[in-house]
Amino acid sequence: MHIPLDYETLRVIWWALMGVLLIGFALTDGYDLGVASLLPFVGRTDDERRLVINSVAPHWEGHQVWFILGGGAIFAAWPFVYAVSFSGFYLAMFLVLAALILRPVAFKYRSKHADAAWRARWDWALFVGGLVPALVFGVAVGNVLQGAPFRLDSDLRSHYEGTLLGLFSPFALLTGLLSVSMLALHGAGWLSLKIEEGPALARARRYGGIAALASVILFALGGVLVATGKIGFRIEGIVDSAGPSNPHYSATIAAAGAWLDNYGKHPWMVAAPALGLLGPIIAWFGIRQRSHVINFAGSSLATTGIIATVGLSMFPFILPSSIDPGSSLTVWNASSSHLTLWIMLLVTIIFLPIVLGYTAWAFRVMFGRITLRDVQTNPDFY
């Protein structure tokens with residue numbers, strides 16, 4: 001079968017598509033998680049909490065498609081990465097899934113009973129369902145940057161030598177807190193778009209301002225640690241970008257500061273960390289000016305810039321190994337076959353526009369602010 005795109009090009013395309021899916025998940029379900037993590041602080045009365053909850057109620061289920069697509073893309077395009085990460089990070093992923101399962105249950109059961117204590121317990125379940133995934137996703141990114149403790153034997157079988165508590169190193173906790181602040185800022189930006197003026201929105205702006213400041217400080221601190229700490233990996237020798245998918249065919253070494261190499265080779269990449277720093281500042285300016293459009297645009301730029309910074313800094317690495325750098329997984333040595341990537345690309349060209357189309361349609365149909373009167377009178381609201 002003739003494939004019009006060469007193997008190297010398809011590998012880069014799928015690396016970029018994986019980034020698009022991760023950013024898509026963070027931009028959509030990310031504000032759901034951020035709103036949930038702000039719920040106990042923004043909503044003081046039952047009506048205010050219902051106002052906050054129903055700001056994401058029409059969309060949160062549809063946003064799960066980005067999570068599923070991301071996992072599916074890793075499974076199909078990067079089988080080595082899927083095998084190592086899903087087996088090694090199994091307990092962490094189970095923790096995320098358990099927290100995510102709390103969300104639909106809390107959404108559905110919270111308002112089934114008028115008792116204040118009943119509703120308060122489900123509100124805290126929503127809070128946990130927003131905070132824990134945001135934290136663990138960030139911790140996972142920190143571990144990817146530092147390298148995961150796995151090795152591949154001569155038969156390419158993965159052996160993971162880490163523990164759940166070992167994932168929560170100081171640097172990983174910093175990236176976890178950055179993830180929480182980034183998504184809290186995004187959630188506050190969404191609330192500024194969706195709920196009416198009042199005490200709840202005033203609190204959302206206040207906590208959004210705090211999250212914006214925290215995002216700038218944590219992102220800058222993380223950059224300093226990456227630049228000056230013992231973090232980074234580098235490929236040695238000649239790279240066969242169209243070679244077979246076998247990690248043992250490439251030579252990788254741990255190299256402090258190596259995550260900055262790409263910015264010297266490709267200066268345009270500096271746009272990503274610049275967005276990561278400027279985005280929260282733009283969102284803060286929008287909060288100060290009471291401009292909900294600038295606020296949400298700033299939080300979206302911050303999310304995009306921070307995630308893109310990780311991907312661009314690490315390229316071509318996807319999952320380096322901290323205990324055996326030679327087992328590190330890259331864009332060039334961990335992909336599916338040439339034919340598989342081509343067939344998947346054709347499928348993506350067909351179905352991704354459909355996903356984007358119905359997502360845009362859903363936002364258009366549900367456009368507009370929610371008021372306390374809507375919460376009090378609409379029987380379909382949570």
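**Figure 1. Arg 203 and the residues it touches.** Skipping its neighbours within four places in sequence, Arg 203 is in contact with Phe 41, Val 42, Arg 44 and Glu 48; contact here means heavy atoms within 4.5 Å. Arg 203 sits in helix H8 (residues 199-228). Helices (H or I, at least four residues) and strands (E, at least two) are DSSP runs, numbered from the N terminus. With a relative accessible area of 11%, Arg 203 counts as buried; the cut-offs are under 20% for buried, over 50% for exposed, and partly exposed in between (1.4 Å probe, protein chains only). Keep in mind that this is a predicted model, where local features need pLDDT of at least 70, side-chain atom pairs count only at pLDDT 80 or more, and totals for chains, interfaces and linings use all residues. Residues are numbered from 1 along each chain as its sequence is written, and side-chain values use heavy atoms, with hydrogens and water left out.

**Figure 2. Ala 99 in helix H5.** Ala 99 belongs to helix H5 (residues 90-109) and is buried, at a relative accessible area of 4%. Leaving out neighbours within four places in sequence, Ala 99 has contacts with Val 128, Gly 129, Val 132 and Pro 133. Take Val 132: it is 33 residues away along the chain, yet the two C-alpha atoms are separated by 6.5 Å.

**Figure 3. The largest cavity.** A search of the whole structure turns up one cavity of 30 Å³ or more. On a 1 Å grid over the protein atoms alone, a cavity is a set of points where a 1.4 Å probe fits but cannot get out, and lining residues have an atom within 4 Å of a point. The largest cavity has a volume of about 60 Å³, which is the space filled by probe spheres set on the points, with grid points joined across faces, edges and corners. Its lining includes Asp 32, Arg 103 and Leu 126. Helix H1 (7-42) gives the most, with four residues.

**Figure 4. A cis peptide bond at Pro 316.** Phe 315 and Pro 316 are joined by a cis peptide bond, with omega about 5°. Pro 316 is in the loop between helix H11 (292-314) and strand E5 (317-319).

**Figure 5. Two residues with positive phi.** Most residues other than glycine have a negative phi, and most peptide bonds are trans. Leu 156 has a positive phi of about 65° and lies in the loop between strands E1 (150-152) and E2 (158-160). Arg 290 has a phi near 55°, also positive, and is exposed, with a relative accessible area of 56%.

Note on methods
On a 1 Å grid over the protein atoms alone, a cavity is a set of points where a 1.4 Å probe fits but cannot get out, and a pocket is an open set with protein on both sides within 12 Å along at least five of seven lines; lining residues have an atom within 4 Å of a point.
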